[in-house]
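The sequence and structure come first.

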Amino acid sequence: MNDVQIRSFVGRGFEQNAYLVWRTDGTSAVAIDPGAAAPALVAALDEAGLSLEAILLTHAHVDHVEGLPELVRRAPAPVSLHPGDTQLYTRAADQAAMFGLRIAPLPPVDHELSHGQRLELADLVFEVRHVPGHAPGHVILVLEGEGLAFVGDVIFRSSIGRTDLPGGDFGQLIAGIRSQVFTLPDETTLYTGHGPPTTVGHERATNPFLVPQYGGGLA
């Protein structure tokens, strides 16, 4: 297989990470969580001469979807979301208003994501794992055979996703990290929704929310 290329695009305001993923010699790419930096993502597609095959959403909080209208207008591609986040998605304008923002209407969701699903896109294979707690329909996307995963706002370097938003559940999030993230090999790179990448092993050993000696509960 050709090497995987990953570019991240940080949107101003929420400092959210959007991602573009493709094979080195490929002709198409997958976009993940197009937030405010969607215009830069489109420019990168054009620069690399890539078509956009799919748009995958880890969840539907406004910072992860606010760039969708612009992206779909300039690079049309089907949108996939777990149905557990349908209400968040349909109320994206209300979410934005909570932060004093306005966003354009979101495009319809084309495909539903489900736990255990395998997506073959742009010569890549993604395994979908449902990890609620930060949002009801939150999923992580494990890139099979590549030692990496896109984890949205489930876990960050030395932190975890907030659970005080509507639909959040701390116990559910911790259980999901145990069963769906920490079951990946320690060397797996985790591309997060905010901040730098990390690894499963680093978070297992040092994350203060998860390590018993720091008051957490998951060694």
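In what order do the six strands of the open sheet that includes β7 stand? The order is β7-β8-β9-β10-β13-β14, and the pairing is mixed. Strands β7 (118–121) and β14 (198–199) lie at the edges with a single partner strand each, so one side of each has no neighbour in the sheet. Strands here are DSSP runs of E with at least two residues, helices are runs of H or I with at least four residues, and both are numbered from the N terminus. Two strands count as paired if DSSP finds at least two bridges between them.

The model is predicted: local features need pLDDT of at least 70, side-chain atom pairs count only at pLDDT 80 or more, and totals for chains, interfaces and linings use all residues. Residues are numbered from 1 along each chain as its sequence is written, and side-chain values use heavy atoms, with hydrogens and water left out.

A further open sheet of six strands has the order β1-β2-β3-β4-β5-β6, again with mixed pairing. Its edges are β1 and β6 (111–112), each with a single partner strand, so one side of each is left without a neighbour in the sheet. Strands of a sheet pair through backbone hydrogen bonds, either parallel or antiparallel.

| Strand pair | Sense | Bridges |
|---|---|---|
| β1 (residues 4–11) and β2 (residues 16–23) | antiparallel | eight bridges |
| β4 (residues 51–56) and β5 (residues 79–81) | parallel | two bridges |
| β8 (residues 124–130) and β9 (residues 139–143) | antiparallel | five bridges |

Within these pairs, glutamine 5 faces tryptophan 22 in β2, leucine 56 stands opposite serine 80 in β5, and arginine 129 stands opposite isoleucine 140 in β9. The hairpin of β1 and β2 has four residues between the strands, and glycine 13 takes a positive phi near 95° there.

In total, the protein chain has seven helices and 14 strands. The C-alpha atoms fill a box of roughly 50 × 45 × 30 Å along the principal axes.

Of the 219 residues, 50% are buried, meaning under 20% relative accessible area (1.4 Å probe, protein chains only). Among contacts (heavy atoms within 4.5 Å) with a separation of 6 or more, 56% join residues 24 or more positions apart.
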